[in-house]
Amino acid sequence: MREMTASLYAVIDKYFYWIDLPKITVIDVIEIIIIAFVIYEVLAWIKNTRAWALLRGIIVILLFIVIAAIFRMNVILWLAANLVSIAVIALIIIFQPELRNALETLGRGNLFSRIFQFNADRNASERMSEKTINDIVKACQEMGKDKTGALIVVERDIMLREYIRTGIELDSLISSQLLINIFEHNTPLHDGAIIVRGNRVVAATCYLPLSDNMELSKELGTRHRAAVGISEVSDSLTIVVSEETGALSIAMDRELYQDVSADFLREKLKEAARIGNENRPFRQRMRNRAMNTDAEGARKDSSSEDKGRGSGDA
């Protein structure tokens, strides 16, 4: 790499000596790529939130200040210079919800959650079983056939205590019959969402935050917006059964998957439950691998002892 860079600079010095180019190192290129990526991600994130309209307003104000500087409007420039510190604080207050969501999204990154699994013991004990997943899928299919509206939130790594407190705590073992009875029309618990933790329904009639994503279709109802809203503030998986069409939808990671099949729902639930060795936390996989290695070594030792005994008996 250094030889290639030196050859490039030699060619530039020989044929483009009349151009004064700054020395660019590999670190400079990496910095440019990182800054460009961060700016792109920030702009893409802002465009999908209410901050986009606020940013356009800020751009208009900055253009006005540039015009004032061109025409030397000293009073306006003096006001702008003295209001900079106040404007920074005001921007932090105005963008507080968006900044909080951005930091939560960064903290929920897959890279960090897989390597640094701080709550691995809780995850191992509170993940859904195959039976629970099958019961949820079966109940959703039955409610879809009868066009019974439902909203089921599956808790993952981020605890949903603040939303559990808005409902009625149950702590009931999940079954398809239980889920169907909860969302049956004119029953005390049918209104609102239920929150699932592991193999149990921990609360019903819970209130969820509604999404303010401007890209969502206007035809979507409150259930779908609530499902997307809870996916914006947590890593949960939310299942929606439409009361009008009976179609199944899934909201996770700020995305809404509409009119999904039962097989697709089952696969997403398995991913949420991390069923399968490839989805387990890094430390848990290493622990299991070490245990398997020890067990294999013990089996080899026992087999060698048996062979030694057999030769001794002979």
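Is D135 buried or exposed? D135 is buried, with a relative accessible area of 12%. The notes below concern a predicted model.

1. Overall make-up. The protein chain comes to 14 helices and 7 strands. Of its 314 residues, 30% are buried. Among contacts with a separation of 6 or more, 63% are between residues 24 or more positions apart. The chain exposes about 20,800 Å², and carbon and sulfur atoms supply 61% of that area.

2. The D135 pair. D135 forms a salt bridge with K131, and their closest N and O atoms are 2.9 Å apart. Both residues lie in helix α9, 4 residues apart, or about one turn of the helix. An α-helix has 3.6 residues a turn, so residues three or four places apart point the same way.

3. Other salt bridges. The structure holds 6 salt bridges, one of them between E243 and R223, with the closest N and O atoms 3.2 Å apart. E243 lies in the loop between β5 and β6 and R223 in helix α12 (residues 222-233), so this pair ties together parts that are 20 residues apart in sequence. E243 counts as partly exposed, at 37% relative accessibility, and R223 is partly exposed too, at 27%.

4. Helix α13. This helix covers residues 262-273, and its 12 residues reach 16 Å from the first C-alpha to the last, close to the 16 Å expected. Its buried residues are A262, L265, K268, L269, A272 and A273. They sit on the same side of α13, because they cover an arc of only 135° around the axis. These buried residues pack against α9 (130-146), β1 (150-154), β5 (237-241) and β6 (248-252). R274 follows the helix and has a positive phi, near 55°.

5. K268. This lysine lies in α13 and is buried, with a relative accessible area of 14%. Apart from neighbours within four places in sequence, K268 is in contact with L237, I250 and M252.

6. R266 pairs with D263, the closest N and O atoms being 3.4 Å apart. The two residues are 3 apart in helix α13, which means they are separated by about one helical turn. R266 counts as partly exposed at 22% relative accessibility, and D263 as exposed at 55%.

7. Cysteines. The structure holds 0 disulfides. C140 counts as buried at 0% relative accessibility, and C206 counts as buried at 3%.

Definitions and conventions:
Residues are numbered from 1 along each chain as its sequence is written. This is a predicted model: local features need pLDDT of at least 70, side-chain atom pairs count only at pLDDT 80 or more; totals for chains, interfaces and linings use all residues. Side-chain values use heavy atoms; hydrogens and water are left out. The expected span of a helix is 1.5 Å times one less than its number of residues. Buried means under 20% relative accessible area, exposed over 50%, partly exposed in between (1.4 Å probe, protein chains only). The arc is that of the directions from the helix axis to the C-beta atoms. Contact means heavy atoms within 4.5 Å. A disulfide is a pair of cysteine sulfur atoms within 2.5 Å. Accessible areas come from the Shrake-Rupley method with a 1.4 Å probe; for residues, only the protein chains shown count as cover. A salt bridge is a side-chain nitrogen of Lys or Arg within 4 Å of a carboxyl oxygen of Asp or Glu.
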